[in-house]
Structure formats: C-alpha cells, structure tokens
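Open the model in your viewer and keep the selection panel at hand. This tour goes from one stop to the next.

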Amino acid sequence: MNYCVVGLQWGDEGKGKVVDILAADSNVVVRFNGGANAGHTVVVGEERFALHLMPSGAVRPGTYCVIGNGVAVDPAVLIDEIDRLAEKGISIDGRLFISENAHVVLGYHKQEDRLREESLGKAKLGTTIRGIGPRYSDKVGRSYAIRMADFRDMAALKQKLKKVLDYKNKIFSALYNAEPLTTDGIFAQCTGYAERLVPFVGNTTRLLHELVLEGKSILFEGAQGALLDLDHGTFPYVTSSNASALGMASGCGVPARLVDKFIGVVKAYTTRVGAGPFPSEQDNETGQYIRDRGNEYGTTTGRPRRCGWFDAVAAAYSAAFCGINEVAMMHLDTLAGLEELKVCRAYKINGSETTFFPSDVAQLEKAECVYETTAGWDTDLSEVKSYDDLPQQVRDYVGLVEAIIKVPVSIVGVGPKRSQTIFRK
Ligand code: GDP
Ligand code: IMO
Ligand code: MG
C-alpha cells in the first residue's frame, strides 16, 4: 500500500507522529515539499525527535528516506539532523537519498527572508526565517538557482555562486542597506556541505519508479498543511511550496495515481503560527487553555501557536481539494476539561452564510464562524486503547466533524506517543 499523509490545516497537525506509525509498514518515506520550516515531532519511548528535513521514517532503522526534488534542502540543517540521529545510534547510511534536482537553501536566502520580513514591519508574513520564500523564488526565477547536483562540480559551483552573490548583494545593499556576503565565505560552507551530502545525491525519481516496480510500500510525507499551500491556501499568508496533496506528484516525480490512500491529518481544534486570517481563533482563555494543554509552541521556532475551535469549513475544503480518503484527528486528549466544544460549520460573510471556504483572503478576513456546539468531557483519554472505549461525548464530537467534512475519521490521537494512537475498526 502507498499512502500520502498531508496536513489539512495550517501545519503542525501531528503529521510526524502519523507518518512514524504508518512507516512501520512502509519500505520508503518520501518528503516532497517544504524545507527546514517544517518541524515534525516523533516520540519513541522517552526519546523525542524534532525532524525538519529528514523524512519521519528516519527513526525506523532500515526504512529508506527520500528527499524529493520539491524539497528546499538547507544542507546545514540536514547535516545537523544526520549527526543528531547518529548520536542517538540511528544511522542513515545507505538509506538516505537526496534528489539531485532539489534546490538548495544557503545563507543568503535566510538573510533575504529576514531582511524582507523586518522591512515589512506590521505587514510581515511571520515566516520561519528559514529562507523558504527566497529559495522558491530563485527556483521559479531560474537564473540564480543552486541545486544539489551543483555540489558535484565545485569549480562550476564557485562561478555560479559568484554570479548569484553579485546579484544578491546588489539587492541587500540597495533595498536593505545590509552588508554584502562574500563568495568565499559561502563557497567554504558549500565545500563542507558537498563532502558530507554528495554521497547521498542521485536521481530519486528513477529510484522511486524502481521501488514501485519492485512492489515496495511507499509513504509520502507532506510538510506544512493544505491551508498553507502556495496556490490553494490563504495567500499571501502561505508558504512557498504546494503544501497540500497536490504538491506530491510534482515534488517527487511519482504520479498520484500510484497512491492507494490519501490521509489528511487534523488536530481536534485548529492552530496557526504566523500571520493571516483564522476565523475560529480564540484569542482568549479558551485559546490559552488549549495552548497550555496541547503544548502549542512551534517545533521549529518556539513561537506560541494561535489556537481556536475546529474549523470544519476549512477542513472540508482541504479534504476536498486534496482528495482525502481518511482523516487522522490528533490531540483529542487536549480538549478534556472544556465544558462545551464548538465546531465551525459555516461562515457568515457580509450577512450571508456559506459552507465553502473563500479563495480570496479578503473575504476570509470578514468571515464570522457559525458554530455547532456539543458537550465536552472531563475524562483523561491518554490511556484509552480502543475507539469504542472513548466517552460518548468524544465519539459524538468526532461524529459531528465527520458529518460536516464528509470524510471518515479513521485514526485518533490521545497523546504524543505511538501507543496513544487509536485505529478505528
Ligand atoms: P507536524 O508538524 O504536523 O508533524 O506536528 P508537530 O510535531 O509540529 O506538532 C504536533 C505536536 O503534537 C507534537 O509535539 C506531537 O508530539 C504532539 N502530538 C501529536 N499527536 C498528539 C496527540 O494526539 N495528543 C497530544 N497531546 N499530543 C500530540
Ligand atoms: P510543519 O511541517 C506550521 C508557516 C509560518 C508562516 C508561513 C510562511 O511543521 O507543519 P515560511 O517560513 O514557510 O515562509 O513561513 O508558514 N509555516 C508553518 N506553520 N507548521 C509548519 O510546518 C510551517 N511551515 C511554515 O509560520 O506563517
Ligand atoms: Mg510542525
């Protein structure tokens, strides 16, 4: 079976945990979008791994890890992750494969991301400052892009870097009055990156096609979430890649037809980091209650996440355009202790009700949620092992969401551990 796991909200839904669990039955885990802006948490026993670029299958020895062409590879972050895994006794030798066509994130991308955000003041997007926007812009712009394959020919890379930095330094100086970066400095870093990473670089599209023919089980792991998708999310408050299931095929060279099941991950509530509209946000005691209980602080940047009620209008939209077969709903345990729970079933925009997620962010900014209210529960769910043993209120809550989004919830999370995940029969 080939699965594709993507977030259906604004990221941090618990994809890392779901991928780690499904990876038990997969031969290969493939990342196809995003970069070190992602932070996927995997908890194994007492050990907690925060993965940014390594596919979440990395913690399972023997599982192949593929970083597809759609991923923004920050070599410094990737090398650090490889080293941290090694410190914990996990080797990726012989099982990590990086696409030669994956574009690279270098220091000047991060500098440009930071300078642009600073210059925008209140209008900033709240990016992770991981160089994502500038790196994807360079890819689309083509003339100043560096790919993993470029690390194979250092003499040619030096010439390319010189051209890139001549251009970037003009921008830094003219727009931001910032100090120039030197080609020698960036080139010296690249020399170290090349030594460590070139052994893993190859044609991953060909590899994946061969693995498909061999009948291997492949798990495709999305980063971010569908509402942060560059084309279908809440533009401009999105990331710069296709962070939905639609980015899978282009981001690794495997057609969507080969995926047996698309699994959409949601939290039992909604969170968002960074700027942008969030109709069901609870910037109040309820939001703080969820933040505290769910430990809602960014895996990558440590920023407090904005929290709110489950937005079923948004989730129904994401599930529809991602072609989701089943939903995994995490963090049900976090909602315990709230007297009543709300689920947004429609928006009121300019006085009229709609159940369709608006594609224009200006409309979304005006949206007021129309809620369905249901009873909460006060039970600790963290030790519950089967769906039928969950309190009736929990099952009613899940049923309410299913009825609105029209996709079955087949997996639920009652804690961060592998064992705190319930598969519904
Ligand atoms: P990702 O980016 O989608 O992989 O999600 P993150 O790792 O950024 O954030 C999800 C957080 O929730 C992590 O700290 C997980 O360990 C934690 N988590 C995942 N599922 C559950 C769950 O069902 N209950 C609780 N309490 N925590 C969970
Ligand atoms: P995972 O994979 C949550 C958000 C940022 C910001 C916007 C643009 O862990 O779910 P960027 O740095 O990509 O240019 O920032 O996107 N963002 C995420 N939010 N989870 C993520 O990844 C995110 N990756 C980017 O906070 O609002
Ligand atoms: Mg995350």
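**Stop one: ligand 2**

The model is predicted: local features need pLDDT of at least 70, side-chain atom pairs count only at pLDDT 80 or more, and totals for chains, interfaces and linings use all residues. Residues are numbered from 1 along each chain as its sequence is written, chains are lettered from A and ligands numbered from 1 in the order in which they are written, and side-chain values use heavy atoms, with hydrogens and water left out.

Now look for polar contacts, pairs of N or O atoms within 3.5 Å. Pick Thr-239: a side-chain N or O atom is 2.6 Å from an oxygen atom of ligand 2. Next, pick Asn-37, where a polar side-chain atom lies 2.9 Å from a ligand 2 oxygen. At Gly-39 a backbone N or O atom lies 2.9 Å from an oxygen atom of ligand 2. Taken alone, ligand 2 exposes 550 Å², and the protein buries 97% of that (Shrake-Rupley method, 1.4 Å probe).

**Stop two: ligand 1**

Move to ligand 1 and select the 19 residues that surround it. The closest are Lys-15, Gly-16, Thr-41, His-331 and Asp-333. By class, this shell has three nonpolar, 10 polar and six charged residues.

Zoom in on Lys-15: a polar backbone atom is 2.8 Å from an oxygen atom of ligand 1. Then try Asp-12, with a side-chain N or O atom 2.9 Å from a ligand 1 oxygen. At Val-414, a backbone N or O atom lies 3.4 Å from an oxygen atom of ligand 1. Alone, ligand 1 exposes 580 Å², of which the protein buries 93%.

**Stop three: the elements around ligand 1**

Color helix 1 (15-22) and strand 3 (40-44): each supplies at least two residues of the ligand 1 shell. Helix 1 gives the most, with three residues. (Helices, H or I of at least four residues, and strands, E of at least two, are DSSP runs numbered from the N terminus.) Finally, select domain 1 (3-99 + 201-262) and domain 3 (266-423): the shell draws at least three residues from each. Their bounds come from an automatic or database domain assignment.

Key: Near = heavy atom within 4 Å. Polar contact = N/O pair within 3.5 Å; in protein donor to acceptor, adjacent residues only side chain to side chain. Nonpolar A, V, L, I, M, F, W, Y, C, P; charged D, E, K, R; others polar.
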